[in-house]
Amino acid sequence: MKLFSSPLACSSAAHMILLELGLEHEIEFVDIYSQPHILLNDKTAYALINPKNAVPALLLDSGEILTEIGIILQYLADLRPGSDLLPAAGTLERYRVMEWLSFIGSDIHKTIGPLFNPKMPAAGKVIMMQNLARRLGYVEQCLKNQKYLTGESFTVADAYLFIMTGWEPYFKFDLRPYPNLKAFQQRIASRPSFLRLLEQVQAAVHAMPLPEFPKQS
Ligand SMILES: N[C@@H](CCC(=O)N[C@@H](CS)C(=O)NCC(=O)O)C(=O)O
């Protein structure tokens, strides 16, 4: 299996889950800040691998490509049935994790992404930041009495949210208004899988010009 990932992007959640589960894999870094997006190693156009031109993409041993982070996370966890990272298919607990994956994907991820777009007008960014604050406010409430999104156990949905909101040191993403979310971030940041991921992405991070995150008022 090979994961096409960009070091500070949502695809890092899949990278983290590969490490959590100890699944055999390769990582191929994609520079999504260059136009067109290219493989960091040999400058191949990434669209030749994933015509959607977004990370992640997972190259399966069969040669097929699987895309969409919420699906890849479930695919990986299902390779190790019974792990704490994802409840069994068909159970309400599984739908709870899927409910979070969908909310993070459509309401949080897709509010954060455009903030990095230098062509997005300032007024649009203000609206996006307000939407983001409202949605993170909801997350903050949910984390009031529990460690993770669905309770006391870390799941693939936590990895996804963690990556989406966890790059404070790089993007100066201000989590001060969300103390429960900040505590959640700190809890996950000490997981061995994330520490290993950080080691593995360092070189790639330095090889890419990172975008600015807008200042929060
Ligand atoms: N629908 C895709 C979206 C993935 C996505 O937005 N990836 C971002 C990085 S977090 C990306 O590759 N952006 C580059 C681009 O869209 O040009 C998914 O859920 O996996």
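The chain holds eight helices and five strands. The model is predicted. From the N terminus on, its elements follow the pattern β-α-β-β-β-β-α-α-α-α-α-α-α.

Overall dimensions were computed from the C-alpha atoms. These atoms fill a box of roughly 45 × 45 × 30 Å along the principal axes. The radius of gyration of the chain is 17 Å, which agrees with the value near 17 Å for a compact globule of 217 residues. Of the 217 residues, 49% are buried. The chain exposes about 10,800 Å². Carbon and sulfur atoms supply 55% of that area. Contacts were also sorted by sequence separation. Among those between residues at least 6 apart in sequence, 64% join residues at least 24 apart.

The five strands form an open sheet. Their order is E3-E2-E1-E4-E5, and the pairing is mixed. Strand E3 (38–39) and strand E5 (65–67) are the edge strands, each pairing on one side only. E5 is joined to strand E4 (residues 57–59) by three bridges, and the two strands run antiparallel. Within this pair, Leu58 has Leu66 of E5 as its bridge partner. Helix H1 (residues 11–21) packs on the sheet. H1 touches strand E1 (2–5) and strand E2 (26–31). The direction of H1 makes about 150° with that of E1.

Helix H2 (residues 69–78) is largely enclosed by the rest of the structure, because seven of its ten residues are buried. A residue counts as buried under 20% relative accessible area. The buried residues of H2 are Ile69, Gly70, Ile72, Leu73, Gln74, Leu76 and Ala77.

Two packed helices are described by the angle between their axes and the distance between the axes. For helix H4 (residues 122–142) and helix H7 (residues 179–189), the axes come within 8 Å. They cross at roughly 70°. Angles of 65 to 115 degrees count as roughly perpendicular, and H4 and H7 are therefore roughly perpendicular to each other. On the H4 side, the meeting residues are Leu136, Val139 and Glu140. On the H7 side, they are Pro179, Asn180 and Leu181.

Technical notes. Residues are numbered from 1 along each chain as its sequence is written. This is a predicted model: local features need pLDDT of at least 70, side-chain atom pairs count only at pLDDT 80 or more; totals for chains, interfaces and linings use all residues. Side-chain values use heavy atoms; hydrogens and water are left out. Two strands pair if DSSP finds at least two bridges between them. Helices (H or I, at least four residues) and strands (E, at least two) are DSSP runs, numbered from the N terminus. Contact means heavy atoms within 4.5 Å. Axes are lines fitted to C-alpha atoms, for helices over the stretch in contact, and angles run from 0 to 180 degrees between N-to-C directions. The radius of gyration is taken over C-alpha atoms; the globule rule is 2.2 Å times the number of residues to the power 0.38. Buried means under 20% relative accessible area, exposed over 50%, partly exposed in between (1.4 Å probe, protein chains only). Accessible areas come from the Shrake-Rupley method with a 1.4 Å probe; for residues, only the protein chains shown count as cover. Angles under 35 degrees count as roughly parallel, over 145 as roughly antiparallel, 65 to 115 as roughly perpendicular and the rest as oblique.
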